[in-house]
Amino acid sequence: LNKVILALVNLPQPVVAAVQGAAVGAGASLALACDILIAAEDARFHLSFARIGLSGDTGVTWLLPRKVGPARAARLLLCGEAFTAEMGEQWGAVSRVVPGDQLREAAICDARKIANQTGLSTRSIKKLLFDASTNSLKDQLGLEAAEQAKAGRSDAYRHSLAQFLRRGG
């Protein structure tokens with residue numbers, strides 16, 4: 001599963017996940033490795049590693065602090081606690097919570113929105129968001145400028161801008 005986690009995080013295209021019911025251990029890590037995480041109201045994320053005598057694995061000790069902050073991640077992992085979809089949304093780990101019967105459509109809707117953008121822009125945004133957690137503001141501004149310049153020279157940008165202007169915004 002470590003290879004899968006690395007692939008999800010390093011994939012240049014954004015990944016949308018939909019979680020219903022329990023995401024336990026590595027299942028929670030898989031969900032946290034995705035860029036957009038949509039959860040049904042009944043979703044729960046179980047981080048019981050410590051309660052069964054294990055340390056975290058499948059990247060949970062790297063992923064969770066980046067999603068919910070280091071203090072909350074420490075408490076969740078060290079106490080072996082679960083969190084609900086609603087809690088995850090409040091903390092920034094879950095992008096959106098929807099009723100269970102709307103989960104599939106919500107995930108497909110977000111995936112379509114992303115697919116309808118230019119691939120260059122979505123790849124750049126994913127990279128910039130990933131790099132932001134370890135960059136200084138100065139370094140991040142430089143990366144943004146470089147990515148923006150590259151995108152601004154692309155045919156996809158010119159085509160998308162023309163369509164945007166035709167629609168009136």
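**Thr58 and its label**

Me: Which residues does Thr58 touch, not counting residues up to four places away in sequence?

Reply: Thr58 touches Leu1, Asn2, Ile5, Ala26, Ser29 and Leu63. Contact here means heavy atoms within 4.5 Å. This is a predicted model, with local features needing pLDDT of at least 70, side-chain atom pairs counting only at pLDDT 80 or more, and totals for chains, interfaces and linings using all residues. Residues are numbered from 1 along each chain as its sequence is written, and side-chain values use heavy atoms, with hydrogens and water left out.

Me: Why is Thr58 called buried?

Reply: Its relative accessibility is 7%. Buried means under 20% relative accessible area, exposed over 50%, and partly exposed in between (1.4 Å probe, protein chains only). The value of 7% falls under the cut-off, so Thr58 counts as buried.

Me: Where does Thr58 sit?

Reply: Thr58 lies in the loop between strand E4 (44-46) and H3. Helices (H or I, at least four residues) and strands (E, at least two) are DSSP runs numbered from the N terminus.

Me: What makes the pairing of Thr58 and Ser29 a polar contact?

Reply: Their side chains are joined at 2.9 Å. A polar contact is a pair of N or O atoms within 3.5 Å; within protein, one must be able to donate a hydrogen and the other to accept it, and residues adjacent in sequence count only if both atoms are side-chain atoms. The 2.9 Å is within that limit, so the pair qualifies. The side chain of Thr58 also pairs with the side chain of Asp57, at 3.3 Å. Both of those groups are side chains, so the adjacent pair counts too.

**Two other residues**

Me: How do you know whether Thr122 is buried or exposed?

Reply: Thr122 has a relative accessible area of 12% and is therefore buried. The residue lies in helix H7 (residues 119-132). Its side chain reaches the backbone oxygen of Gly119 at 3.1 Å. Beyond four places in sequence, Thr122 touches Pro12, Pro14, Ile114 and Gln117.

Me: Why is Glu89 called partly exposed?

Reply: At 36% relative accessible area, Glu89 falls in the middle class, so partly exposed is the label. Glu89 belongs to helix H5 (residues 85-91). With neighbours within four places in sequence left aside, Glu89 is in contact with Val94, Ser95, Arg96 and Val97. Ser29 is 60 residues from Glu89 along the chain, and their C-alpha atoms are separated by 16 Å.

**Cores**

Me: What makes a group of residues a nonpolar core?

Reply: A nonpolar core is a set of buried Ala, Val, Leu, Ile, Met, Phe, Trp, Tyr and Cys residues joined through side-chain atoms within 4.5 Å. The largest one here has 29 residues. Val19, Leu37, Phe45, Leu47, Val60, Leu64 and Phe83 have the most contacts inside it. Two or more residues come from each of helix H1 (2-10), strand E1 (16-19), helix H2 (26-32), strand E3 (36-40), helix H3 (60-68) and helix H4 (70-79). H3 gives the most, four residues. Another core of six residues lies apart from this one, with Ala40, Val98, Ala106 and Ala107 among them.

**Pockets**

Me: What makes a space a pocket and not a cavity?

Reply: On a 1 Å grid over the protein atoms alone, a cavity is a set of points where a 1.4 Å probe fits but cannot get out, whereas a pocket is an open set with protein on both sides within 12 Å along at least five of seven lines. Lining residues have an atom within 4 Å of a point.

Me: Which residues lie nearest the centre of the largest pocket?

Reply: Asp35, Lys67, Lys126, Leu129 and Phe130 do, out of 20 lining residues. The volume is about 540 Å³, meaning the space filled by probe spheres set on grid points joined across faces, edges and corners. H7 gives the most to this lining, with six residues.
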